[in-house]
Amino acid sequence: MSRWVRYIGLLIPLLGAASPWHVLNAALLPFIGGVVYGYFTERRRGVVLAPLAALIPIGLVLVYYAAVDVARLTRFFSIFPLFVGLWAVFWLLFFTVGAVAGHLLRPRNR
Amino acid sequence: MAAIVLVFLAVFLIPPSLLRFADPFQGPLKAVARPAPPAPLENYALVVKAADEREAFYKLGYAHAYYRFFQMDVMRRVAEGRLSELVGGAALDTDIYFRTRGLYISAEKTWEYIKQNYPQYAALVEEYVRGVNDYLAANPPIVEYLILGKRPEPWRPVDTFAVNKLVAWSLSGGEDDLQLKVLVDALGPQFLDIALARELNTPILPRKATFSPAIELGSNNWIISPNLTATGRPILANDPHLSLTAPPTWIFQRVETPDYTVMGVAFPGTPVVVIGTNGYVAWGFTNTGVDVIDYYYYVWNGTKYLYKGAWIEADKRVERFRICDLDNRCVEKTVEVLETVHGPVIEFRGQRYAMRWLGNNVTLEALALYYMDRARNLTEFLNGLRYFVTPSQNTVYADRYGVVAYFASGYYPIREGGYLPFNGSRGEGEWTGYVWLPSVLNYVNPPYLATANNKVADANIYLQWRWADRYRHDRITELIAQKLTRGKITVEDVMDIQRDVVDISCRDVKQLLELYGGDSGRRLLDELSRWSCEMSPGSTTASRYAAFLYNLQKLAWERFNISTTFVPFEVTMASIKKGLIDRSVVEKAAEEALKVNAPWGSVHKYAISHLLGSAFPGLNYERVEAPGDWFTVNVAPGFNVAHGPSVRFIVAFGSGVYTVLPGGPDGDPLSPLYDAMYMPWVRGEYVKVG
């Protein structure tokens, strides 16, 4: 069961859609998502893949905005690459750190 | 556990602005999800259809906010001296400049006056404001605010009038009198004679204008009369030259109500069409620049000043400024502003002056434009024009009945002089009354007439001295005359004129080089003699010619610490000819010009910026080759061109209405319409809008 529970961690950053707080949306939610992901990941190799896993919520957000208006999203990328880059780096970083922390918190006898 | 604590600590050490930028839900990325537009854009024009006027103003407010709210906010904040609340300390000097001059005070007075005396128009303004605020109430994702981390403040009626005051100020000449004093002090009264006479300039009106002192009451445009056009109906053309910004200064709108339909350009933040047509009449503006600002110096003793023999304590107002950074940390600064009987006290090069500006009174330009928007003939149009106080405009008029006319609009304060600061302590320079300029400066049914900020008329009183050089005006009339020799004028002819990039100042420059040039001057003259004077991007001679003009102005005037474009070129030439400026500058400028080996388009490009464009260059319009120069009809001054035709507008009765804006109708940078008209504007293309 734990193998599947970890995927809930990938969805946790998306809870920011309902939050007005930047600190939560940009850093804490991806971190918490990472903790859940790492905690329920049995093998160390799964934790190593955390940066790749973090691309999934990033991709889901992009799919949402593309569905809303792909032309505007494209223009956003061309005018504000800095913001897109910053967001991706934050989510990758905090998710990965969270995943490592979650894996370390994991009880040894599990 | 320690890792978790460390992460939480790190998160709180990150600047809030970075977290905002990286937030995909409440940060800038949120702006991708913009609500659908309230009013459609047809051919890049905002179209508002309404059952009555109140609904029309409401819808306009909503649509202006939807398409241009950030721009509206910046304009009101500049006028009210509150921009540093939004963008930080970089704007503080601008804020102090405008707050000191008190534009916001006159906007408040004007709004109070309109509420009391014109309640019907006040109600329409309130509808417009309600429309703006209804849009803002939904907290729309506007990308600039998401970047800056601020929430838009509600719009107030007085903000609309503050925008009007800002436009009026920007066209009123600022500190010209004080800068002229610098030159007169350095060069003597002979310079003043040259500047005031402006003998080389071409007046718009063929006859001398006579003002009666007893009266007590208070870019390019042209018109062609019906008998000279191919359709047999009048043509009116206008391309007002203003700062080029992203998004453009204007929004093009068409408002349809059961009583009237009016289309043309408006300033976002103000509901009325400024330059436009309603099917019955059409009108356009260029700035006359008549001098309606005076400066007064006094004998001071602390905060007391001597006025007509008595010591008077200057009034004081304390202005508080909030300067907020990207993390919304704000600091306050206060500035004490003194006011004399003449107006607010400013400092210029260490000297105190009080400033009196006509626009600091209650002025009713908005009401004037409202009446002009509804006018159906010349009489009704003039009834509207009567309310127009400042900035005085070369107003061209045409109507469906075949009447064409010219009026210099606005009021002019009667006083002795006005070009240099007055001794306020002695009571000099008091305004004794006002002249309604159209009563003196008018021309009904000329065969054709053009204005290009050049001298309105030779007059028996001083009107102003910084008339634009005559070249654009003379080129327009020259082209009209040329085209008439081949037949009647068509809309395409008028478009050709608006696109024209021949600089006829080259005729004067050749003479200057002949008279005062040395070896380099003769080499340059030889090259110019084989050139068509066309400032086209591919021409290296055009580059050299522009370099000559630039260097000549620089060598002549830079040592006085004034802008190189402050003194008109005709005055520079006259000053050189009279020996007030060392004639060797001609040869030196020619030497500099001959060093240039690049085509004009490689050194002369449009540089049209967004307010946040220095941090995010993607917000600016593309830098592309700019044809033209300071003196071409299609004007493009300087090397990084940020000033030019802010709209091209042609009304050809019986044929159509054509326009193009230097940018897009939509101020949202994520919209595909953000810069949709920019390249067509660069290429000189038009959109038919009616």
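**The A–B interface and a pocket beside its helices**

In this predicted model, the contact draws on 37 residues of chain B and 34 residues of chain A. Putting the two chains together buries about 3,200 Å², and carbon and sulfur atoms give 80% of that area.

Charge pairing across the interface comes down to one salt bridge by the rule used. It joins the side chains of Asp668(B) and Arg72(A), with 2.6 Å from N to O. As for polar contacts between chain B and chain A, the count is ten residue pairs, with both residues at pLDDT 80 or more. On the side of chain B that touches chain A, helices H1 (2–13), H2 (16–21) and H8 (143–148) each put in at least two residues. H1(B) has the largest share here, with six residues. Sorted by class, that side of chain B has 27 nonpolar residues, along with four polar and six charged ones.

Now for the second largest pocket, which holds about 440 Å³ of space. Its lining runs to 23 residues, and those closest to the centre are His22(A), Arg20(B), Gln26(B), Gly149(B) and Lys150(B). Both chains take part in the lining: helix H2 (22–39) of chain A and helices H1, H2 and H8 of chain B each supply at least two residues. H2(B) gives the most, namely three residues. By class, this lining comes out at 13 nonpolar, five polar and five charged residues.

Methods. Residues numbered from 1 in each chain as written. Chains lettered and ligands numbered in written order. Predicted model: local features only at pLDDT ≥ 70, side-chain atom pairs only at ≥ 80, totals over all residues. Heavy atoms only, no water. Contact = heavy atoms within 4.5 Å. Buried area = accessible area lost by both parts, 1.4 Å probe. Salt bridge = Lys/Arg side-chain N within 4 Å of Asp/Glu carboxyl O. Polar contact = N/O pair within 3.5 Å; in protein donor to acceptor, adjacent residues only side chain to side chain. Helix = DSSP H or I, 4+ residues; strand = E, 2+ residues; numbered from the N terminus. Nonpolar A, V, L, I, M, F, W, Y, C, P; charged D, E, K, R; others polar. 1 Å grid on protein atoms, 1.4 Å probe; cavity = no way out; pocket = protein on both sides within 12 Å on 5 of 7 lines; lining within 4 Å. Points joined across faces, edges and corners; volume = space filled by probe spheres on them.
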